[in-house]
Amino acid sequence: MNGVTAVTLLQLRYFIRVCACGGFTQAARELRVSQPSVSEAVRSLEDEFGMELLERNSRGVVPTADGEAFRREAERLVEEAEAFERRMLALAGTARTPRLGVPPMLETLVFPSLLASYRRLYPSCSIEAVENGTVTNLEMVRRGLLEAAVASSADGAPPEGCGVLELCRTRLALYLPSRHPLARRESASLAEGAELPLIMLASDTFLSRFVEERCAASGTEPRVIMRTNQLEAIRRMIEEGTAAAFLYEGVLPPSEKIRCLPVRGLPPVSTLLVWKRSGRLTASLRGLLRAAAEAFPDSREAAPLSQKSHNEMIQ
């Protein structure tokens, strides 16, 4: 054996996941890495300690007697390492509160879960939320005025010079008064919604640009009567029958006076956590990334960052 220092926490996490899944393929899928990477990690552990950790059966793989003892020790070590990291990030975070840009619509959809996860991990720390549209937030991230920003994208691709963690996906919906004839439908087209008197978000928001660009591509123009980022004002105007609005599904609470229709023919929109990709990550940004990964278990890193970078940041 060459020494315990040759073993990484990442290898231990891979081995633990293989044991939990009973196979390399499912473990690699859940870890979002290639199967050879997982196989190589386990093989390296076996070579390092000179013991057989897994044996194959008709259903996949199971730990050997040595492997089961190894798994218990690995889980304990990983738990201690994660607890240590949380304590150190919390200690570092007390000196700097991360500034997170949040668009109005996404503030409702993702920020409560992200904040709850961050507070659970780092109870002595706080987040300063800065509300702007996606366009403004991304510019502030590039200029170093924000630690990170929650943003939207139609393709999930990272903006130039930025790292991206895709948190979740949502779809565009048309919110309209329940007494409107169109409300009897199961869905609506973009053109049908564009003909209605619309409340649109501010022009620096992704959602407004997305709707306007899609309308222009189809030869229509939205009938905008007002622009505001105030969800309560939008909700009341829809309930009163004054206007309709294109928003994300789930943004407004259920109401007898409001109908929410899926918009046909549009791709899902990715909700992203975006940060400036230069130099080492600060402790506060690492804390945000860990909180985001725990709040959204299906989150995934977007290219062009390498898998190594992803593992270093959120594991």
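Reader: Which residues of helix H3 are called buried, and what makes a residue buried?

Author: A residue is buried under 20% relative accessible area, exposed over 50%, and partly exposed in between, with a 1.4 Å probe and protein chains only. In H3, Val38, Ser39, Ala41, Val42, Leu45 and Glu48 are buried. The model is predicted: local features need pLDDT of at least 70 and side-chain atom pairs count only at pLDDT 80 or more, while totals for chains, interfaces and linings use all residues. Residues are numbered from 1 along each chain as its sequence is written, and side-chain values use heavy atoms, leaving out hydrogens and water.

Reader: What makes a segment a helix or a strand, and how many of each are there in the chain?

Author: Both are DSSP runs numbered from the N terminus: a helix is H or I over at least four residues, and a strand is E over at least two. By that rule the chain has twelve helices and 13 strands. Of its 315 residues, 49% count as buried.

Reader: What makes Phe49 and Phe70 an aromatic pair, and of which kind is it?

Author: Rings of Phe, Tyr and Trp (its six-membered ring) pair if their centres lie within 6.5 Å; planes under 30 degrees apart are stacked, over 60 edge-to-face, and the rest tilted. The structure holds four such pairs. The ring centres of Phe49 and Phe70 are 5.4 Å apart and their planes stand at 70 degrees, so this pair is edge-to-face. Phe49 lies in H3 and Phe70 in helix H4 (residues 65-93), so the pair ties together parts that are 21 residues apart in sequence. Phe49, at 27% relative accessible area, is partly exposed, whereas Phe70, at 12%, counts as buried. Phe15, Phe49 and Phe70 form one aromatic cluster.

Reader: Why is the pair of Phe206 and Phe210 given the name it has?

Author: The centres of Phe206 and Phe210 are 5.4 Å apart with 20 degrees between the planes, and the pair is stacked. Both residues lie in helix H9, four residues apart, about one turn of the helix. An α-helix has 3.6 residues a turn, so residues three or four places apart point the same way. Phe206 and Phe210 are both buried.

Reader: What makes E8 and E9 paired strands, and which unit do they make with H9?

Author: Two strands pair if DSSP finds at least two bridges between them. Strand E8 (residues 197-200) and strand E9 (residues 223-227) are joined by four bridges and run parallel; Pro197 has Arg223 as its bridge partner in E9. With H9 (residues 206-217) they make a right-handed β-α-β unit. Right-handed means that, with the strands pointing away from the viewer, the path from the first strand over the helix to the second runs clockwise.

Reader: How many disulfides does the structure hold?

Author: A disulfide is a pair of cysteine sulfur atoms within 2.5 Å, and the structure holds zero. Cys162 is buried, with a relative accessible area of 1%, while Cys260 is partly exposed at 30%.
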